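Colleague: I am new to this model and would like to go through some of the labels used for it. Please show it first.

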Amino acid sequence: MSLGSYLFRKMCTRSDTARDSGLTTPAEIERFDDIKYGSDPKWNLLDVYRPKAAAGRKLPVIVSFHGGGWVYGDKGVYQYYCMELAKQGFAVVNYSYRLAPKFRHPAPFEDTNEVFAWLMENAAKYGFDTDNIFAVGDSAGAMGIALYACILTSADYAEKYSFKPPKGLTIKGLALNCGIYDAEHFCTVKTLRDYLPKRSSGDTLADLTVIKHVTKDFPPSFIMTANCDHLRSESPLLEKALQERGVPCVFREYGDENTQLYHVFHCNIKTPEAAQANKDECDFFRSLI
């Protein structure tokens with residue numbers, strides 16, 4: 001692991017621990033933890049969160065592809081954010097995936113494909129409405145879930161991967177938060193370099209550039225950034241690419257001259273700004289049902 005990725009992990013661990021200090025499982029949420037979805041006993045685990053008031057009912061489902069620069073994070077880091085989404089009337093699947101540099105591209109996509117296969121196979125048990133599957137991702141996770149959506153909607157792009165998506169899977173809408181959509185312009189980022197295959201070339205970066213692979217069939221998307229997000233310039237690139245292909249999308253930048261909001265601010269569920277952004281995205285999903 002590069003020094004940059006090591007320091008990034010340390011910084012994120014410290015900041016996320018402080019962010020979530022004092023949080024507990026909301027009383028209105030039922031959770032199913034540490035469900036195995038793949039062969040890796042450490043990383044291939046997921047949680048499901050549902051509102052208790054919806055017991056016995058089939059719910060639209062949100063799958064969360066967590067951020068962390070491909071080298072950091074797991075479902076524990078994202079549990080409180082995901083439970084906030086569940087409180088708004090969704091079943092939420094929160095999963096861990098294999099991290100770089102031990103596991104490199106395309107390991108997270110292989111894992112994500114297994115998560116969706118698990119979802120389709122276990123829909124009846126956990127009350128998932130498979131006609132209304134949505135997904136969220138932030139930072140590297142926004143890039144990741146957008147690329148997985150490209151696999152589902154572009155036959156040419158899907159050929160770059162050895163796995164096959166589960167039969168009948170359609171992602172009805174995406175919420176893409178503070179993401180990278182032009183990987184070629186971020187080739188010097190240490191965490192991304194640690195994620196790329198050791199013998200990768202410029203072709204790999206092109207393969208990871210979302211705006212090159214979106215088609216007219218890409219899911220309707222809510223694209224979000226913040227006024228002080230260091231990746232702020234990326235979101236308009238995706239908005240433009242989707243508009244050019246006729247894909248319905250909403251672009252929102254949060255914060256104003258009196259409120260400075262930073263990268264993935266929406267994960268800090270203690271703040272009113274996060275509550276508003278997360279509600280807006282759930283409202284967007286509801287508009288597609």
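**Aromatic pairs and the core**

Modeller: Tyr 126 has a relative accessibility of 9%, so it counts as buried; buried means under 20% relative accessible area, with a 1.4 Å probe and protein chains only. This is a predicted model, where local features need pLDDT of at least 70 and side-chain atom pairs count only at pLDDT 80 or more, while totals for chains, interfaces and linings use all residues. Residues are numbered from 1 along each chain, and side-chain values use heavy atoms, without hydrogens and water.

Colleague: How many aromatic pairs does the structure hold?

Modeller: It holds 23 aromatic pairs. Rings of Phe, Tyr and Trp (its six-membered ring) pair if their centres lie within 6.5 Å; planes under 30 degrees apart are stacked, over 60 edge-to-face, the rest tilted.

Colleague: Why is the pair of Phe 65 and Trp 70 called edge-to-face?

Modeller: The ring centres of Phe 65 and Trp 70 are 6.0 Å apart and the planes stand at 90°, so the pair is edge-to-face. Phe 65 is buried at 0% relative accessible area, and Trp 70 is buried at 3%.

Colleague: What makes the pair of Trp 118 and Tyr 126 tilted?

Modeller: The planes of Trp 118 and Tyr 126 are 40° apart, with 5.3 Å centre to centre, and the pair is tilted. Trp 118 has 7% relative accessibility, so it counts as buried.

Note on methods. Buried < 20%, exposed > 50% of the residue type's maximum accessible area, 1.4 Å probe, protein only.
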